[in-house]
Amino acid sequence: MRTEGDFIKIHEWLTPLSWLYGLGVGFRNLLFKLGILKSRAFDIPVISVGNITVGGSGKTPHVEYLVSLLKDKMKVAVLSRGYKRKSKGYVLANDDTTMREIGDEPYQMKQKFPELYVAVDKKRTEGIDRLTHDEQTKDVDVILLDDAYQHRYVKPGVNILLVDYHRLIIYDKLLPAGCLREPKEGKSRADIVIITKCPKDLRPMEYRVLMKTLDLYPYQSLYFTTLIYDNLKQVYGTESMPINSLPDRCNVLLLTGIASPKQMQNDLSVYNYNLSFLSFSDHHNFSKKDIRTINRKFAELPSPKVIITTEKDVARIKFVEGLNDEVKESMYALPVRIQFMLGQEEDFNNKIINYVRKNSRNSILVKTKDDNKSQNSNNTRNGAGSISFRNN
């Protein structure tokens, strides 16, 4: 029998420190509630995607899903903090921007969607101002905030909270005893809650149990997604092949530098491979010593053998010197995307598209709508800054 929350580790002896941490977080949230610290709304659709736990909950695949959903209808920008980048302040990515300048996840998205505006700025309000006023990007229609659920200085029009199925917030504790960045009651700020990384055989009964357990408000929508793996792509070549096409009993070295590698390890374990694992910390910068370790670990494996890594790790390892030719020829990235479950995809898509369409300043959809309205009345629409997803 599977257990929701089975990846959670609680360090009970650190609970007193969690109480102190909770006092600090609670006081900060109170300052925002009282208006002493200000949250700022914008006259452009802003969609925030984030979580209240430390570690991966699938933010990048979900942001990429939103990009794919919207990019053919309007001009989309992604604004991230740019974790572990070497630059400072606001940076707008172009074709020549390096991973070190913007961070691995923004770099990954820019490589995957070249037409996308990708910017990084620790101060998200200033980043939004730059995106909406700079000559190069002022035609933007919607801004996606990556990992900004705790960034209270921005008041997004849609706040999406991601919760890992295997690390449900209802079973977790505050840092440092657990992995929660803030109390689980912080979920009340979300307009949409998505349970991510669900088993593919999730049953409607489990959906109802989880919905009751999470105890969401009537204004909140709950969705479930699972991870889908696309074809393996050769990192230093052009070859592509399905994950299930590797030879039987193939020796696979799974190389990861992500927050939650256990999910990927479990997913690959269903194949008839001999799996070996080499895991580094999230956003890990590979050193010369690490490269030597990778070369040695791979050399120790008997043939047939391959290295499988993530797209995020490719952004950091591809330009590191020292990998031998055998490793380069055998290294593949495993792209991952999300899929909605229980027939929820259309409902989610419509909610997002309708919100952006009703509030966008420049999109074709809004222009068409405004043109139609002008034929029938002299009324003007209100700015998007005063209209939230909940009001829609």
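This is a predicted model: local features need pLDDT of at least 70, side-chain atom pairs count only at pLDDT 80 or more; totals for chains, interfaces and linings use all residues.

How many aromatic pairs does a search of the whole structure find?

A: Searching the whole structure turns up 10 aromatic pairs. One of them joins Tyr-217 and Tyr-219, whose rings are stacked, with 5.5 Å from centre to centre and 5° between the planes. Tyr-217 is partly exposed, at a relative accessible area of 46%, and Tyr-219 is partly exposed too, at 32%.

Now turn to another pair, formed by Tyr-223 and Phe-348. Here the arrangement is edge-to-face: the centres are 5.4 Å apart and the planes make an angle of 80°. Tyr-223 belongs to strand β8 (residues 221–229), while Phe-348 belongs to helix α11 (residues 345–359), so this pair ties together parts that lie 125 residues apart in sequence. Both Tyr-223 and Phe-348 are buried, which means that each has under 20% relative accessible area.

Lys-75 lies over the face of Tyr-117, 4.7 Å from the ring centre. Likewise, Lys-305 places its charged end over the ring of Phe-298, at 4.6 Å from the centre of that ring.

Technical notes. Residues are numbered from 1 along each chain as its sequence is written. Side-chain values use heavy atoms; hydrogens and water are left out. Rings of Phe, Tyr and Trp (its six-membered ring) pair if their centres lie within 6.5 Å; planes under 30 degrees apart count as stacked, over 60 as edge-to-face and the rest as tilted. Buried means under 20% relative accessible area, exposed over 50%, partly exposed in between (1.4 Å probe, protein chains only). Helices (H or I, at least four residues) and strands (E, at least two) are DSSP runs, numbered from the N terminus. A charge sits over a ring if NZ of Lys or CZ of Arg is within 6 Å of the ring centre and within 35 degrees of the ring normal.
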